[in-house]
Structure formats: C-alpha cells, structure tokens
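The entries follow in the order in which I looked.

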Amino acid sequence: MTKGDSVAPDGLAAVFARLIAATGPISIAHYMAEANARYYGSRDPLGAAGDFVTAPEISQMFGELIGLWLADIWDRAGRPNDACYVELGPGRGTLARDALRAASQARLAPEVHFVETSPALRALQQAAHPGAVWHDDLSSLPADRPLLIVANEFLDALPVRQLVRTAGGWRERMVGMDAESALVPVAGTRPMDTAIPARFEHAGEGAIVETSPAAATVVQEIGGRLAAQGGAALFIDYGYVQPQLGSTLQAVRAHKKVNVFAEPGEADLTALVDFAALAEVAEHAGARWLGTSEQGHWLAALGIGARAARLARAAPHAAEAIEAATIRLTAPAEMGSLFKVMGLAAPGWPDGAGLARVSFNAAG
Ligand code: SAH
C-alpha cells in the first residue's frame, strides 16, 4: 500500500487503522505478532512461488546434517532411548523429514513433536509426518524425557519490541497513522528510560534499541527444560552476536523487501536474532551454551563438502544443482555468514559437533 491507496476493509491494515483510530498507537510488538499470526496462519509462504526460501528447502543436506548432529550428541550422551525430536515452526516439514531420515541411520528414531500455530502449515506437516504430535506452544511438550530440539528461522518471526530515543528521552516505538491514514512508526508517550541497558543510555536522538522478549521467553523455557530433562537444541537464524543499535525489522513479499508498515498480514515480518542475549538467557536458565557459529563454518565442519560430493556421484545429472545449493548455504556472501547456529545442551551432555564457545565482547 502506498500513500493514498485504499485499504481492503477486511484486511489487517484496515483492522489496525480502526483500532489505532479508536485507542491510539499500538506497539511494534503487537503489530508484528498480529501481522505474522495472520500471515502464517493463512498460507504456505515457502518456496519459489511463495515469499521466501529457507535452507531446508534449498537442499536435503541441511536437514541431514542437523539430524546427524542430533544423533551424534545423543549417541555421546549415552543414547537415552526415550528422547523426543522437537521442532519449532517446522514449515513444510522438510527439515524434519531429512533430519529424521539421517538420524535413523544412526538408529535414533525418536517420537516427533511439532510446535506450530499455523493451520495452513500444520496441514502440510501432517501430510509429511502423520505420526507427529502438534503443540500450540512449548508448555505441552513432554516434561519427563530428553528433548532434541531444532528451530530454523523460527525466532526471527517472533515479535520484537523497539525503544526509540526522542528529544524527551526513550520511548516505545509504536505504530500510528499519518494524515492520510497510512500506518507509520511513531514514538509512544510514556518514558521508557529505565528499560535501556547502560551501554546504550547515551545513544543519540533517533537511535533504536530492539529486543525480542518473545524469543527470550522461548529460549528461557528451553534452557530450563534441557536442564531438567536432558537433551540438546539447535537454533538457526539470521542474526548477530554483538549487541547493536538500530531496527532490523523487515518485511518480505514475493522475494522482495517491502515497507514494514504497508501490508500487515500479507508480507513476512522478521527481525535479526540477538544471539549473544539468547546465549545468556539459556545459561541463566541452567542450560549449557555450546557455542554459536556461522552457518557456513558449521556446515563445513559437519562435512557438507563430502556429503555434496557423494550426492553428486550418485546423481551426476544433478551435480551442478548440488554444487549451487552448497554455495548458497555456505558462502559468506549468501547464507553462510549472516545465518548463525547456536547450540545448547543439558549440563551433563557433551559438546556439540562443529560448535566452538567464542566469547562475545560487549562492544557497541
Ligand atoms: N522452519 C521452517 C519454516 C520457517 S518459517 C523452514 O526452515 O523452512 C517460520 C515457521 O514458524 C512457520 O512454520 C510458522 O508458521 C512458524 N511460526 C511463526 N510464529 C510462530 C509462533 N508464534 N508459534 C509457533 N510457530 C510459529
């Protein structure tokens, strides 16, 4: 929607416009949560014909290496035979399919649990994994067994909260309306200075501090469960490992960036994941942080090169496509550097393959 366009009366933009007209601006977190609930709930956004493509949809190697990572750490933890596979936001179920196939070769054949809110995607997951158990959130996951948890491009879809520095101090960043009734970012009226970490206190006017309380809540719950139940978790997402200022909120539709405020519910809203903050949250909750690596390094350490060569030998006609997929997943200019892999485990569990505990300097 550009300025002056009329909004569909039943579209989410119109719903927000009525709400804002009646009660004033809404928070960025509220906006993002409702926009993504509508967006994911009503479609399969993945693939060339959709809005974006994820790593498991690029190549089977991605899910396979995740399955082998899980099987390896599970093996070295003593092969607890009641461990469950848990995936958060499993999309089409592709990653789970490839991971579980690879894991079964190491004789890991776990019960499968999916946390998914989208009815549209649940239907696709059901077709691919008829024996799985679905959950609306983490609370109903089994509480008495080790969990092997995977989340790819899940945390980035959870709502972020933004605080903006104004002439009058820090305020929550909100969504309001301009004179033409277009949705626009505005500063809230309530002082928020006490919510700003010391390192950002003196940032200049216009600076934005972004956090994801929703992502922190998920990682806190998982950290606590790993500590209590045993298991390990892999979070893969695009994100950063140093605290930083600025809004990373973006909207993507049909593989192109669009205005974040133009088409709520029709575009995928994501924000970069603050991996340093989440590692701290996990450790506070009692889990071990196994390290956070760049996706390219991690896949290379796990042997994506050898796997690609083997697949290409088995299917020479597909060799070029396999090579292209490998580059897309690992090259620094593609998904290799921007995407990070964070590993967590229960206190008594071993280290994770391909992950190193580098320390984050609190710069920025
Ligand atoms: N992991 C898949 C899909 C990524 S898209 C892949 O890599 O291809 C994000 C996924 O998270 C979708 O399945 C979406 O429906 C789900 N999702 C988004 N917000 C969610 C929430 N709050 N609770 C549960 N699932 C959510």
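**Entry 1: the loop with positive phi**

I looked up A254 and found a relative accessible area of 42%, so I list A254 as partly exposed. The scale I use is buried under 20% relative accessible area, exposed over 50%, and partly exposed in between, with a 1.4 Å probe and protein chains only. The model is predicted: local features need pLDDT of at least 70, side-chain atom pairs count only at pLDDT 80 or more, and totals for chains, interfaces and linings use all residues. Residues are numbered from 1 along each chain as its sequence is written, and side-chain values use heavy atoms, with hydrogens and water left out.

A254 sits in the loop between β11 (250-253) and β12 (256-258). Helices (H or I, at least four residues) and strands (E, at least two) are DSSP runs, numbered from the N terminus. Phi of A254 is near 50 degrees, a positive value in a residue other than glycine. I then checked H255, which lies in the loop between β11 and β12. Phi of H255 is also positive, near 70 degrees, and H255 is not a glycine. At 40% relative accessibility, H255 counts as partly exposed.

**Entry 2: Q162**

Is Q162 buried or exposed? I find 0% relative accessibility, so Q162 counts as buried. Its place is in strand β6 (residues 161-166). The side chain of Q162 makes a polar contact with the side chain of E210 at 2.8 Å, and another with the side chain of S247 at 2.8 Å. For a polar contact I require a pair of N or O atoms within 3.5 Å; within protein, one must be able to donate a hydrogen and the other to accept it, and residues adjacent in sequence count only if both atoms are side-chain atoms. I also listed contacts (heavy atoms within 4.5 Å). Leaving aside neighbours within four places in sequence, those of Q162 include I28, R171, R173, I208 and L249.

**Entry 3: E320**

I took E320, in helix α11, as an exposed residue, with a relative accessible area of 72%. E320 and G246 are 74 residues apart in sequence and 39 Å apart in space, C-alpha to C-alpha.

**Entry 4: the ligand**

I counted 15 residues around the ligand, and the closest are T54, G89, G91, E116 and N152. A residue is near a molecule or strand here if one of its heavy atoms lies within 4 Å of it. A polar side-chain atom of T54 lies 2.6 Å from an oxygen atom of the ligand. For G89, a backbone N or O atom lies 2.7 Å from a ligand nitrogen atom. A polar side-chain atom of T117 lies 3.4 Å from a nitrogen atom of the ligand. Taken alone the ligand exposes 570 Å², of which the protein buries 90%. These areas come from the Shrake-Rupley method with a 1.4 Å probe; for residues, only the protein chains shown count as cover.

Which residues of helix α10 (residues 304-314) are buried? I find I304, A308, L311 and A312. Seen down the axis of α10, they fall within an arc of 100 degrees, so they line one face of the helix. The arc is that of the directions from the helix axis to the C-beta atoms. An α-helix has 3.6 residues a turn, so residues three or four places apart point the same way. The face of α10 turned away from its buried side carries the exposed residues A306, R310, R313 and A314. The cover over the buried residues of α10 includes α4 (60-76), α9 (295-301) and α11 (319-330).

I repeated this for helix α8 (residues 275-284), where the buried residues are F275, A276, L278, A279 and A282. Down the axis of α8 they fall within an arc of 165 degrees, so they too line one face of the helix. Exposed residues E280 and H284 are on the face of α8 turned away from the buried side. The buried residues of α8 pack against elements including α7 (213-229), β10 (231-240) and β15 (288-294). After α8 comes G286, with a positive phi near 105 degrees.
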